[in-house]
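Open the structure in a viewer and keep the selection tool at hand. The stops below say what to select and what is found there.

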Amino acid sequence: MRRSLRPARDFTSSFLGEVGWLVAFFFTAVVSGCVGYLFGQRALSGVSSPVTETSTSSASRVIRDPRTVPLLNEAEVIAAAEALLRPPPPPTPLFTPPPVAIAPPTPTPPRRLSPELASAPSPLSTPQPASPSQPPRPSPPPLSTPSPSPLQVAASGQVAMQVLSVRREGGQVVLNVALQNNSPETVRFLYSFLNVTDDNGRPIDALIEGLPGELPPNSQVFQGTIRIPASSLAGSRSLSLSLADYPSRRHQVGVSGIPVPP
């Protein structure tokens, strides 16, 4: 009898122990949940939920059937686009000058001579008697045409450079030069490539002012100055200039024999 009661007691004690552990776990979970909830509530005590107008927005929103939405007329859209893309009409001139009538030239009546002048003999028709004592005078030699100025050189008759004047200003020698482009294309120059040499072949430093970097086709004459320090021209009697366009170097202009002013 005692042996049969002992296993029942063991079972009862083990069951109660397991129930006690379960109760302890449940209690610990409840306590930890409550503590966590309190800490979270305190942490979020200063945070409020954003104000949303859910009620008004939901009331204002109206669900429309897509079949009831009116469609745009394609012809009207195309007409409006063409009206926007069409160029505006030219403005009407405020004043239209009247046509100027050109009077025909008045014919000039021929000049009539008086009867006395008409009957007078012409001096060209009066024969001059030849004098046998005077030999015929030789005709004077024809006047020699002066040669063109050596201060102008053209490249293929299209781009021309000319030195207009040379003068001394203080410690500088100033050359007034002119450039003209008669070719049908634009010609570009880099004046840093201007080659200035004296009669001894020495390169001379120069400063170019007033000349454009591009010469338009069939353009007018552009003038500028070239300034050379007089100290670098000691012992020089003449100067030479040469310049080529950039970058093709098809047009080359140059001037030689420029006298150095004393």
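Start by selecting Arg237, which is exposed at 68% relative accessibility; exposed means over 50% relative accessible area, buried under 20%, and partly exposed in between, with a 1.4 Å probe and protein chains only. This is a predicted model, in which local features need pLDDT of at least 70 and side-chain atom pairs count only at pLDDT 80 or more, while totals for chains, interfaces and linings use all residues. Residues are numbered from 1 along each chain as its sequence is written, and side-chain values use heavy atoms, with hydrogens and water left out.

Asp199 and Arg237 form a salt bridge, with 3.3 Å between the closest N and O atoms; the term stands for a side-chain nitrogen of Lys or Arg within 4 Å of a carboxyl oxygen of Asp or Glu. Asp199 sits in the loop between β5 (195-198) and β6 (207-209), and Arg237 in the loop between β8 (222-229) and β9, so the bridge ties together parts 38 residues apart in sequence. Strands here are DSSP runs of E with at least two residues, helices are runs of H or I with at least four, and both are numbered from the N terminus. Asp199 is partly exposed, at a relative accessible area of 30%.

Next, select Arg227 and Glu209. Their salt bridge has its closest N and O atoms 3.4 Å apart. This pair links distant parts of the chain, since Arg227 is in strand β8 and Glu209 in strand β6, 18 residues apart. Arg227 is partly exposed at 21% relative accessibility, and Glu209 is partly exposed at 34%.

Move on to Glu185 and Arg250, a salt bridge with 2.9 Å between the closest N and O atoms. Glu185 lies in the loop between β3 (172-181) and β4 (187-188), and Arg250 in the loop between β9 (238-244) and β10 (252-259); the two are 65 residues apart. Glu185 is partly exposed, with a relative accessible area of 30%, whereas Arg250 is exposed at 57%.

How many salt bridges does a search of the whole structure find? It finds seven.

Finally, select the whole protein chain. Its secondary structure comes to four helices and 10 strands. Of its 262 residues, 17% count as buried.
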